[in-house]
Amino acid sequence: GFAALESGSSPSPAPSGPNAWPGDFQVAIAIDLIKPDTGGRKAKRPFVAVWVEDSTGKRVRTVTVWGRERKYLRDLRAWWKLAQTQPEWAATVTRATRNAGQHRIEWDGKDDQGQPLPMGTYTVTLEAAREHGTYAIQRGQIVCGKAAAKGTIPAGTEFGETQLTYGPAAQ
């Protein structure tokens, strides 16, 4: 019965042919969330947003947002600027905040509507905001083609060096 509730527009066709994203490939994002030096005071866990932009700079996918309190999501300034036009959608991608340490997330090569994207060069953005603390935004590119590839996002105030790995999904 959900088909009757959907809008009349049909989804854009998935890329096919020589430019199609290989169906079993993904981008693994290995995030190193740094524990800040607080001089012995307890540090709040940061809100974090991870999204992907295409070669034109258009956001094509929010991979994850760590932080559920809506009033603090706007502290993720760059992501919120993109997401505030769809606050109901923004609430569906949020998860609990994470402690410092290594975290791995994957992007399956699909956009926010679940449609496969073509091969190409994509920018992965990490943004973090800590209550009464620091703010950081870092970016790195990854070439998503027919062969496996690697990229990095340099270390900063909230993140250690983040490894980007494009290739077949781990089984």
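The side chain of T123 makes a polar contact with the side chain of Q141 at 3.5 Å, where a polar contact is a pair of N or O atoms within 3.5 Å, one of which, within protein, must be able to donate a hydrogen and the other to accept it, and where residues adjacent in sequence count only if both atoms are side-chain atoms. This is a predicted model, in which local features need pLDDT of at least 70 and side-chain atom pairs count only at pLDDT 80 or more, while totals for chains, interfaces and linings use all residues. Residues are numbered from 1 along each chain as its sequence is written, and side-chain values use heavy atoms, with hydrogens and water left out.

T123 has its place in strand β6, strands being DSSP runs of E with at least two residues and helices DSSP runs of H or I with at least four, numbered from the N terminus. Because its relative accessibility is 12%, T123 counts as buried; the term means under 20% relative accessible area, with exposed over 50% and partly exposed in between, for a 1.4 Å probe and protein chains only. Leaving aside neighbours within four places in sequence, T123 is in contact with W51, V52, E53, R139, G140 and Q141, contact meaning heavy atoms within 4.5 Å.

Strand β2 (residues 47-53) and β3 run antiparallel and are joined by six bridges, and V52 has R61 as its bridge partner in β3. The hairpin of β2 and β3 has five residues between the strands, and in this hairpin G57 takes a positive phi near 90°. Strand β3 (residues 59-66) is mostly covered, with seven of its eight residues buried. Two bridges also join β3 to strand β4 (residues 94-95), the two running parallel, and here V65 has T94 as its bridge partner in β4.

In strand β9 (residues 162-168) lies T162, which is buried because its relative accessible area is 0%. Beyond neighbours within four places in sequence, T162 is in contact with I29, A30, I31, D32, L126, G151, T152 and I153.

Turning to the aromatic residues, the structure holds seven aromatic pairs. The rings of W21 and W107 have their centres 5.0 Å apart and their planes at 70°, so this pair is edge-to-face; rings of Phe, Tyr and Trp (its six-membered ring) pair if their centres lie within 6.5 Å, with planes under 30 degrees apart counted as stacked, over 60 as edge-to-face and the rest as tilted. This pair links distant parts of the chain, 86 residues apart, with W21 in the segment before β1 (25-33) and W107 in strand β5 (residues 101-107). W21 counts as buried because its relative accessibility is 8%, and W107 counts as buried at 1%. W21 also forms an edge-to-face pair with Y122, at 6.0 Å centre to centre and 65° between the planes. Here W21 and Y122, the latter in strand β6 (residues 120-129), are 101 residues apart, and Y122 counts as buried at 4% relative accessibility. W21, F25, W107, Y122 and Y166 form one aromatic cluster.

A final point concerns confidence, for which pLDDT is the predictor's value for each residue, from 0 to 100. The protein averages a pLDDT of 85, and 85% of the residues score at least 70. Over residues 1-12, however, the pLDDT is below 50, and this stretch has two contacts in the model beyond near neighbours in sequence. Where pLDDT is low, the predicted coordinates should not be read in detail.

How values were computed:
Pairing = 2+ DSSP bridges.
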